[in-house]
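Please keep the display open while going through the numbered points.

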Amino acid sequence: MIPGLPDPTPTPPPEPDQRSVAELVFDVSERTSTLIREEIELAKAEVSEKVGKLLRGSAVGVAAGAFAFLALILVMEGIAWLLNEQVFDNSWAGFLVEAAIFLLIAAGAGYFAYRSVQAGAPPVPEQAIEEAKRTKAMLEGEKK
């Protein structure tokens, strides 16, 4: 034992038959509150981890979308001029055809986005909920 430091060996708890009912109830309530606090901390950690991943993925997706949009502008400008040279005599007809195609694509993408958002769920702390269910089942099993 090092002088100045507390004794590292814990004192053993008294035998169960030597403790009073009040001591046993206090011990159970103390352990239950500790367990509940740990479950809440697990849920917080799990949700914050999922939210962090969602934010990182969203930021990268926005950057990719911006660059893709800029490239798409240039590609569509080229296609419109190509249509005007090869198919139409007017300089506006190729742009009008392209605009109609873009509106159809936008409608389809909007519908897909709507369905995806409806199907998604908010981040749920699945591990914490599963652990709480197991704990509840174990405590109910001990009561019987």
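1. Helices (H or I, at least four residues) and strands (E, at least two) are DSSP runs, numbered from the N terminus. By that rule Glu98 lies in helix H2, which covers residues 93–119. This is a predicted model, in which local features need pLDDT of at least 70 and side-chain atom pairs count only at pLDDT 80 or more, while totals for chains, interfaces and linings use all residues. Residues are numbered from 1 along each chain as its sequence is written, and side-chain values use heavy atoms, with hydrogens and water left out.

2. On the overall fold, the protein chain has 3 helices and 0 strands, and its elements run α-α-α from the N terminus on. Of its 144 residues, 10% count as buried, where buried means under 20% relative accessible area, exposed means over 50%, and partly exposed lies in between (1.4 Å probe, protein chains only). Taking contact to mean heavy atoms within 4.5 Å, 51% of the contacts between residues at least 6 apart in sequence join residues at least 24 apart.

3. Helix H1 takes in residues 21–86, which makes 66 residues, and its first and last C-alpha atoms are 94 Å apart, close to the 98 Å expected at 1.5 Å a residue. That expected span is 1.5 Å times one less than the number of residues in the helix. Which residues of H1 are buried? They are Asp27, Glu39, Ala43, Glu46, Gly52, Met76, Ala80 and Asn84.

4. The structure holds 5 salt bridges, a salt bridge being a side-chain nitrogen of Lys or Arg within 4 Å of a carboxyl oxygen of Asp or Glu. One of them joins the side chains of Glu49 and Lys53 (3.5 Å, N to O). Both residues lie in helix H1, 4 residues apart, which is about one turn of the helix. Because its relative accessibility is 47%, Glu49 counts as partly exposed.

5. Helix H3, residues 126–143, holds Arg134 and Glu130, which are 4 residues apart, about one turn of the helix, and their side chains meet in a salt bridge (3.9 Å, N to O). Arg134 also forms a salt bridge with Glu131 (3.2 Å, N to O), and these two are separated by about one helical turn because they are 3 residues apart in H3.

6. Leaving aside neighbours within four places in sequence, Glu98 is in contact with Met76, Glu77, Ile79 and Ala80. Two of these, Met76 and Ala80, are listed among the buried residues of H1.
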